[in-house]
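Subject: Structure handover

Hello,

Here is the structure I promised you. My notes on it follow below.

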Amino acid sequence: MREVSVIGVGETQFGELWDKSFRELGIEAGLRAIQDAEIAAENVDAIYVGNMSAGKFIDQEHVAALVADYAGLADQHLPTIRVEGGGACGAIAIQQAAMAIASGVHDIVVVGGAEKMTDVGDVEAARILSSTTDQEWESVFGATFAGLFAMMARRHMFEYGTTREQLAAVAVKNHKHGALNPVAQFQKEITVEMVLGAPRVAEPLGVFDCAPLSDGAAALVLCSRDKARKFTDTPIDLIGTGQASDFLAVHDRRELTTMDATVIAGKRAFHAARKTPNDVKVAEVHDNFTISEIMAIEDLRFVPKGKGGFATEDGETALNARVSVNTSGGLKARGYPVGATGVAQAVEIVRQLRGEAGKRQVTDAGLGLTHTLGGTGGTAVVHLFARGD
Amino acid sequence: MKAGIVSYGGYVPRYRILPKEIGAVWGVDGEAMGKGLNIRAKSVPGPDEDVITMSVEAARAALKKAPHLDPKDIGAIYVGSESHPYAVKPSATIVAEAIEAAPIMTAADYEFACKAGTAAMQSTMGLTLSDMYRYGLAIGADTSQGAPGDALEYSASAGAAAFVIGKDHLIASIDQTISYTTDTPDFWRREGQAYPSHGGRFTGEPAYFKHVVSCANLLFKRAGTRPEDYDFAVFHQPNGKFPVRVGKMLGFTDKQMDTGLLVREIGNTYSGAIMVGLCAILDIAKPGNRIFAVGYGSGAGSDGFDITVTGGLEEIDRKAGRTMRSMVEDVKFLDYATYAKYRRKIRMREG
Amino acid sequence: MAIPRFWREIPSRYNLVGSKCGNCGTLDFPPRLVCPRCGRRSMGKMERRKLAGRGTVVSYTIIHDAPKDFDMMKPYVLAIVEMEEGLRMTSQVIDVELGDIKIGMPVEVAFRKLGEEGEAGVIHYGYKFRPAR
């Protein structure tokens, strides 16, 4: 099996991009990644696109071929693959593309992730987001996406003494990081009081406990490691990936306060990379809700179970603390165009490992992790990246 | 061989609105209105409740009290209501599925203003007596609507009752039943109309009183009884005033009528009205007690029942589930705005 | 939601019909074709089994941003309930004051409207929970 490296990254602005269509977003990110990699269109062997629900958001399926077409690659007749896996689709696309390279089928693959969420109203967008939950046995009974995470939060508070303030600390930290990221949707700091005082969405979660609806796209150029040096002096190696699934409905899971999919995906990735959670200096984790980050840093073994809230409140996951979590601002502040998520997280980690993260640069970042959820945890994907030099 | 009641169950939603609250919106002294009608509050269905959900709750309550009852022995379900959620598509089939009586049975919806439920009782009596099936389930349920500002808005409420009718395992025998029916248009709702219309004072003398009194007198004659032979009396109760007056006219006392007179606390539950009253009586009755019941439906007709409680009442588990009294007393008051929202009186955006 | 999609689930939505694994005896809801614990050994041994309809609240939330079918009821309580039979289900808890809901509260099943396909469309019914009494 061949090793795989990242040789180019690109992303769009994240936010409510009224003047940008889905196809424009996808192309913008893809072309930036290709420019960053300094490759020519002819070098690309295939395109993988992570997208959650273009069919519902913009009524358009078949988006991988569409993106290739508008990227000016129709004449190349490239194989294009759209990957679906709820919010984890972008992260799964990276894994699938890496496997295609590792197997020797392709040498260079562009992986994109994109979502255009603001062409529908808020209520409709919430309905579409909840379509990754069990429609027949959760949604029909009044369960919203936020509501299901809220029940995890409530149980976490009950079992471990996690507080509302600790949940809020996640949002405050990620907004602080987002303020340092020029592509973030929210580049503005907030306070614990603002989080606690915000309108309720699904108690105990309020508006500031939830990632926003966003438009945006991100892209990576993956290359077999033996050829990566031809294109860049700073290849970033994908040294381990793990994916795991779980019961789709939250109520069927072993526990409400642990995502087994995250635990297993993390173990698989660390095992493949022969690393431990202690080696990770910088991580992008799936903070679609504040409770999600708390559970993620526990399930990834950055902190003991039940201590995620306390660790966050104590600043252990802030920029350049023990482990810098969500330096991009995370889904909360950078934005949450669902399909782009896994790829955007990888873009941030690559920038950190290259030392190109500007004001939010983590010092001595040698190993970075991304963690992406599909739905309420029915899917989890963990990737580990390291400097190739 | 007599037919009678095998089990019973009632349901009243917990929401209430006070006459004062309604009157305040329409510039009327609601409190005085309520006093005049002898209605202290009326029940209001929750936004996720309708005739079907309440019928299911009542039917399940009846089955819960009588564990010996196999729903598969119920050969017919008739749901009487003037507020069926569907104009076309039976409420009864949904009830049948929800109590696992389907599919080898018959089902239909009845409508006869406020006496569709008692009409269902009579039908099931006839069909069980003819051995067409072992048990029939007769339901009276309504989420009745008075037009905003109309006098009916102070009384039109929500409730349901279900009676399993059969010939064996009787908790009460129906010794006699008789009806009195004429064409008297005192209250109606045309197809497609959201709210009913009524003939004002015409609903009184020539309608309610004439039919109830005529039916009651026929029932006395047929049963060979007098008012003092009965422990309980219950009449259709469009408000708290009519049944008390008609009872007095017939020679009944307040004490006989008190138990079944739920209208004072929950309003007029239409097809459910006399039946929830009967449920309240059965909740406290003893073997040997006799019950005199005369319903009324506009349009118009009365169904009368001469009922004797049997020893079977002690055999069922009356404590299983909630009593009528506990439901009547489990109350959450609404303001008019919330009531209007719950009853879909506020015009919403499409889609 | 398409009519057949709801119609085919009526036994479970109305009457809590789940499945019991003939191999290990564990109950699941909704009914499964394969037992998550026994896998292949359960194939062909999954029997339909009705739940009693009683349980306790494992976790809950108060929903303020509601989907269309529940908009009239917001804010409302949603809960994950552990049934007597050991499995868990998610639904709304009705007839409860928002301040009274808590983890461990015993609840029982109720029959309510779950939604409707517009004012002219089919109405969907099914289970919700209410405080046990």
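The side chains of A:E136 and C:R13 form a salt bridge, with N to O at 3.0 Å. By salt bridge I mean a side-chain nitrogen of Lys or Arg within 4 Å of a carboxyl oxygen of Asp or Glu. Across the interface of chain C and chain A, the rule finds three salt bridges.

Before the rest, some ground rules. This is a predicted model, where local features need pLDDT of at least 70 and side-chain atom pairs count only at pLDDT 80 or more, while totals for chains, interfaces and linings use all residues. Residues are numbered from 1 along each chain as its sequence is written, chains are lettered from A and ligands numbered from 1 in the order in which they are written, and side-chain values use heavy atoms, leaving out hydrogens and water.

**Chain C with chain A**

Chain C puts 32 residues into the contact and chain A puts in 24 (contact: heavy atoms within 4.5 Å). About 2,700 Å² is buried between them, and carbon and sulfur atoms give 61% of it. Buried area is the accessible area (1.4 Å probe) that two parts lose on being put together, summed over both. On the chain C side, C:R88, C:T90 and C:I103 lose the most area to chain A, together 18% of what that side buries.

There are 13 residue pairs in polar contact between chain C and chain A, both residues at pLDDT 80 or more. A polar contact is a pair of N or O atoms within 3.5 Å; within protein, one must be able to donate a hydrogen and the other to accept it, and residues adjacent in sequence count only if both atoms are side-chain atoms. Strand β4(C) gives the most to the side of chain C that touches chain A, with six residues. Helices (H or I, at least four residues) and strands (E, at least two) are DSSP runs, numbered from the N terminus. That side of chain C divides into 19 nonpolar, seven polar and six charged residues. Here Ala, Val, Leu, Ile, Met, Phe, Trp, Tyr, Cys and Pro count as nonpolar, Asp, Glu, Lys and Arg as charged, and the others, Gly among them, as polar.

The two chains also share strand pairing. Strand β5 (residues 200–203) of chain A runs antiparallel to β4(C), joined by two bridges. Two strands pair if DSSP finds at least two bridges between them. A:A202 has C:I63 as its bridge partner.

**Chain B with chain C**

Here 25 residues of chain B are in contact with 27 residues of chain C. The buried area is about 2,400 Å², with 47% from carbon and sulfur atoms. B:R14, B:D48 and B:R344 supply 24% of the area that chain B buries against chain C, more than any other three residues.

The salt bridge count is nine. One joins the side chains of C:E97 and B:R14, at 3.5 Å, N to O. The side of chain B that touches chain C holds ten nonpolar, two polar and 13 charged residues.

**Inside chain B**

B:T203 sits in the loop between β10 (197–198) and α6 (204–223) of chain B. Its side chain reaches the backbone oxygen of B:G200 at 2.7 Å.

Best wishes
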